[in-house]
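Try each task yourself before you read its solution.

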Amino acid sequence: MIGQAVNRVDGPLKATGRAAYAYEHWEAGQPLYGFIVGATIGKGRITRIDTEDAEGAPGVQLVMTYLNAPAQGPRDESIPFEYWRAQPMLTGPDIHFYGEPVALVVAETFEQARDAADLVEVEYRAGRGRFDFGEFEDDTYIPKTVNAGLPTDTAVGDFDAGFAGAEVKVDQQYTTPYEFSMPIEPNASMVAPHGDDDLVVYVSCQITDAARDSVAGTLMMDPERVHIVTPFVGGGFGSKLGIHSETILAAMAARALGRPVKVTLTRQQVFQLVGMRPTSSQRVRLGAGHDGRLAAIAHDVTMHTNPDVEYAEQTAATVRSLYAAPHRLTSHRLTALDLPRGTDVRAPGEAPGMLSVESAMDELADALGMDPVELRIRNEPTVDPERNVPYSDRHLVECLREGARRFGWENRPATPASVREGRWLIGYGMSAAIRGHFQGPTTVRVRLEPDGTAVIQTDMTDIGTGTYTILTQVGAEGLGLPLERVRIDLGRSDHPSSWGSGGSWGATNSSTAVHRACAALRTKLLDAALGDTRSPLHGQDPSAAVFSDGDVAIGGASEALREIVARHHPDGVEAEGQTRFMGDDPNYSDYSINTYGAHFAEVGVDADTAETRLRRMLSVFSVGRVFNPKTARSQLIGGMIWGVGAALEEEAVVDPRSGAFVNRDFAGYLVPVHGDIPADIDAVVLEGYDDKANPLGAKGIGEVGICGSGAAVANAVFNATGVRVRDFPITIEKLLPGLPAMV
Amino acid sequence: MSASDTHAMRRSQVETAPPSAIKLNINDQVRQLAVDPRTSLLDALREHLRLSGTKKGCDHGQCGACTVLINGRRVLSCLTLAVMHEDDEIMTIEGLGDPDHLHPMQRAFVECDGFQCGYCTPGQICSAVGMLAEVRAGWPSHVTTDVSSSRVALTDDEIRERMSGNICRCAAYPNIVAAIRGSAEGGAT
């Protein structure tokens with residue numbers, strides 16, 4: 001079952017509109033509707049707030065502001081991970097960023113709530129905010145650690161000496177913009193009071209366990225009384241790792257009114273209230289010999305952070321494990337701006353970091369006059385150059401060679417701006433990909449019912465990643481059942497807990513736990529049968545047992561699982577399986593465990609307008625064992641397309657006067673659409689098995705697709721035009737002035 | 001007009017909006033409902049009729065998640081009011097098929113893995129069904145090379161151009177195009 005390209009088991013529900021997302025549950029009856037009123041200044045203080053007209057508007061049940069919001073628990077910095085912390089809202093008159101909630105209006109209908117929200121009168125005294133990254137880029141501080149607890153700075157050897165002595169050097173500055181996850185389902189929540197003091201919280205989130213603790217911490221409740229329900233999530237990409245104002249405000253209103261309340265962010269509010277990938281300025285220095293071997297690598301990154309909620313994207317961390325070089329330096333610096341908090345956006349740090357480093361490698365190849373593929377192969381390390389531990393299952397060079405062969409890399413225009421087809425300048429580009437693989441704690445329960453069907457329960461989510469499908473496959477294989485006799489029950493905080501979907505670890509965490517739970521369940525079933533004189537398996541050798549098709553067979557004897565369950569466990573039988581935190585698993589300290597890939601892209605750049613079109617793209621990955629090649633390919637291609645967007649389109653722009661994002665919708669913040677992506681795009685995965693990662697040999701695939709894919713596109717633009725744009729995204733106005741003159 | 005005048009005008013509008021009793025023909029069933037005249041067709045479907053297969057992604061016509069078929073043509077249900085559609089035949093994703101009786105386009109999306117999170121999917125599928133009808137009717141698009149011809153070849157470029165109003169942030173685009181092509185070649189309507 002594992003490794004088969006089965007269709008998504010939740011596919012028919014999703015394709016027919018029957019999958020219920022957070023805002024679409026009716027079990028608790030007709031809810032009230034909440035609408036958030038946001039601040040219209042970026043920094044300052046509310047001087048007057050008048051809710052009388054709003055409160056008197058038809059259907060309005062409640063207008064909540066800082067003047068009548070209940071007391072809430074504080075953000076507790078001693079809780080190690082942000083997403084588990086309380087998120088207090090409407091706590092006072094101070095405004096910290098543009099769009100910050102200043103009121104929640106709750107009414108009988110959505111239309112009433114939305115209109116009454118317009119009637120809330122708020123006056124402000126605007127202060128002078130720090131909004132413009134460029135203005136404050138040099139006013140930085142050093143964070144204690146960066147995201148995921150990674151070290152802020154690292155140094156190996158003597159970078160200055162190594163760089164100074166290098167024969168060929170690249171020393172360039174790259175900038176990346178604010179980017180947003182922007183799943184198509186806006187952040188949404190419905191909170192229903194239940195029983196004496198319980199809350200059922202239907203919320204679009206990636207980590208059920210974190211949502212429960214965050215709601216409970218904010219509302220100062222016992223976490224056991226908060227019941228998160230999130231069976232379907234309309235995309236997350238980091239933006240739903242934590243919960244946000246929609247959930248906290250809905251919960252406070254539901255408690256105050258004793259009725260279900262639902263709140264969704266408008267698309268514009270998603271740009272204000274969820275957080276974004278920090279903007280960054282990155283200096284990359286590469287020093288090499290004429291043979292292309294790197295002597296020195298440095299990656300120094302400055303980013304924005306919100307002053308109250310520090311977030312340091314691990315942008316310079318990826319290069320630490322990528323190439324060999326004796327002299328190395330990485331650093332992260334932050335400048336505090338009065339903007340929404342930075343947050344995890346798909347491939348945090350890796351995506352913007354690889355965009356710059358792999359562009360710089362292309363610049364080095366150009367300076368050396370060397371094939372960019374060959375340059376990377378020459379710098380393949382034998383051990384992780386900063387941690388000084390061996391790699392588990394590193395196949396970057398195979399990815400590079402296989403990708404070059406399949407793509408037809410040998411046809412690359414050797415000289416930039418040398419190939420033209422009609423009005424199109426044609427270029428090839430490539431990039432390497434690497435991303436760390438992580439492991440987090442997860443518990444699942446596998447239950448075999450008397451009718452011979454299995455139910456797998458965990459609070460793990462499926463945010464489109466295929467959790468329902470791959471856990472069905474792993475469970476079916478583990479118990480020897482047909483797929484249709486395995487049912488997956490996800491996304492409830494009352495189930496055994498996991499660390500959810502994020503960091504590309506959900507699939508392996510939950511699959512490993514299912515694998516182990518099935519093993520424990522098999523032992524229980526065998527113990528029962530072998531010790532029972534009524535069983536045909538009585539007294540047989542358990543090590544020879546084969547579970548398949550709903551039966552267990554030993555030699556010539558066999559018995560149906562449902563017979564064993566019916567006799568010994570008339571109410572069903574269950575077992576739990578666990579995956580432990582990587583910090584407690586020596587493999588994760590003894591080895592550098594990563595996923596790898598190589599991207600190849602061909603672009604056409606319009607010689608007159610500088611419009612850039614992706615013509616084709618191929619990437620080859622090494623990610624260990626793959627649970628389901630169909631869903632894996634989809635997820636990898638999705639990541640690659642995110643890289644295309646980062647290279648050519650995505651950019652949120654701040655108004656330096658107000659701190660507002662001026663292009664806060666899909667007309668202004670451009671993400672790839674059908675017309676941007678050619679049919680000729682594919683992801684190939686090498687056969688693999690990483691025995692250091694987990695007993696299934698699998699690694700995460702949700703983010704490696706983005707790592708470097710934007711650089712492959714950017715490098716193809718250079719190859720097509722001879723113009724190197726280092727301020728991403730590569731848009732027309734940056735490219736056009738440098739285009740070669742036409743004859 | 002001063003800000004306070006605007007405010008007073010807004011207030012009076014809010015206070016004088018009686019509900020409208022309307023009948024909507026949805027998925028071949030006539031449904032009666034009383035809606036605030038400001039209710040979009042999208043919210044009427046989702047919040048009044050509890051047909052939440054039609055999705056709200058942006059609520060102002062930029063993402064395509066709310067696409068439904070009205071008299072066979074694709075329409076963004078967030079940009080039209082429910083009260084405007086009493087005489088129309090409205091088809092939503094729920095009317096195209098159900099999990100046990102998938103529409104050929106729905107089956108093609110499942111087979112080709114034309115989605116991940118599934119939230120844009122109903123809009124993609126309704127849009128694809130409407131789009132194929134537009135191609136069959138010979139409507140040209142921005143990428144049609146011969147706009148004078150009454151026949152349009154269903155190339156990948158035509159599919160991509162005509163589907164560009166439906167954003168998929170999971171970026172299942174190549175699989176969606178494959179699903180639409182497969183469905184069209186299988187004679188799906």
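**Exercise 1. Find how α4(B) and α5(B) cross, and which residues meet there.**

Solution. Remember as you look that this is a predicted model.

Step 1: Start with the handedness: α4(B) passes α5(B) in a right-handed crossing.

Step 2: Next take the geometry. The two helices, α4(B) and α5(B), pack at an angle of about 125°, and their axes are 10 Å apart.

Step 3: Now look for the residues. From α4(B), B:Met105, B:Gln106 and B:Phe109 meet B:Thr121, B:Ile125, B:Ala128 and B:Val129 of α5(B). By class, this contact has five nonpolar, two polar and no charged residues.

**Exercise 2. Describe the packing of α6(A) and α7(A).**

Solution. Step 1: Locate the helices in chain A: α6 covers residues 208-219 and α7 covers residues 245-257.

Step 1: Their packing angle is about 50°, with the axes 10 Å apart. α6(A) and α7(A) are therefore oblique to each other, and α6(A) passes α7(A) in a right-handed crossing.

Step 2: On the α6(A) side you will find A:Val215, A:Thr218 and A:Leu219, which meet A:Thr247, A:Ile248, A:Ala251, A:Met252 and A:Arg255 in α7(A). These residues divide into five nonpolar, two polar and one charged.

**Exercise 3. Which residues touch the most other members of the largest nonpolar core?**

Solution. Step 1: The largest nonpolar core has 288 residues, and those touching the most other members are A:Val105, A:Val106, A:Val201, A:Ala251, A:Ala253, A:Val713 and A:Val717. Helix α16 of chain A (residues 629-648) gives the largest share of this core, 10 residues.

Step 1: Zoom in on A:Val713. Leaving aside neighbours within four places in sequence, its contacts include A:Gly429, A:Ala601, A:Val603 and A:Leu614. A:Gly643, A:Val644, A:Ala647 and A:Leu648 are also among the contacts of A:Val713.

**Exercise 4. Describe chain B and the side of it that touches chain A.**

Solution. Step 1: Chain B holds seven helices and five strands, running α-β-β-α-β-β-β-α-α-α-α-α from the N terminus on. Of its 189 residues, 49% count as buried.

Step 1: Turn to the partner: 54 residues of chain B are in contact with 57 residues of chain A. On the chain B side there are 23 nonpolar, 14 polar and 17 charged residues.

Terms used:
Residues are numbered from 1 along each chain as its sequence is written. Chains are lettered from A and ligands numbered from 1 in the order in which they are written. This is a predicted model: local features need pLDDT of at least 70, side-chain atom pairs count only at pLDDT 80 or more; totals for chains, interfaces and linings use all residues. A nonpolar core is a set of buried Ala, Val, Leu, Ile, Met, Phe, Trp, Tyr and Cys residues joined through C-beta atoms within 7 Å. A residue is buried if 20 or more other C-beta atoms lie within 10 Å of its own, exposed if 12 or fewer, and partly exposed in between; C-beta atoms are placed from the backbone. Helices (H or I, at least four residues) and strands (E, at least two) are DSSP runs, numbered from the N terminus. Two residues are in contact if their C-beta atoms, placed from the backbone, lie within 7 Å. Ala, Val, Leu, Ile, Met, Phe, Trp, Tyr, Cys and Pro count as nonpolar, Asp, Glu, Lys and Arg as charged, and the others, Gly among them, as polar. Axes are lines fitted to C-alpha atoms, for helices over the stretch in contact, and angles run from 0 to 180 degrees between N-to-C directions. A crossing is left-handed if the near helix is turned anticlockwise from the far one by less than a right angle, and right-handed if clockwise. Angles under 35 degrees count as roughly parallel, over 145 as roughly antiparallel, 65 to 115 as roughly perpendicular and the rest as oblique.
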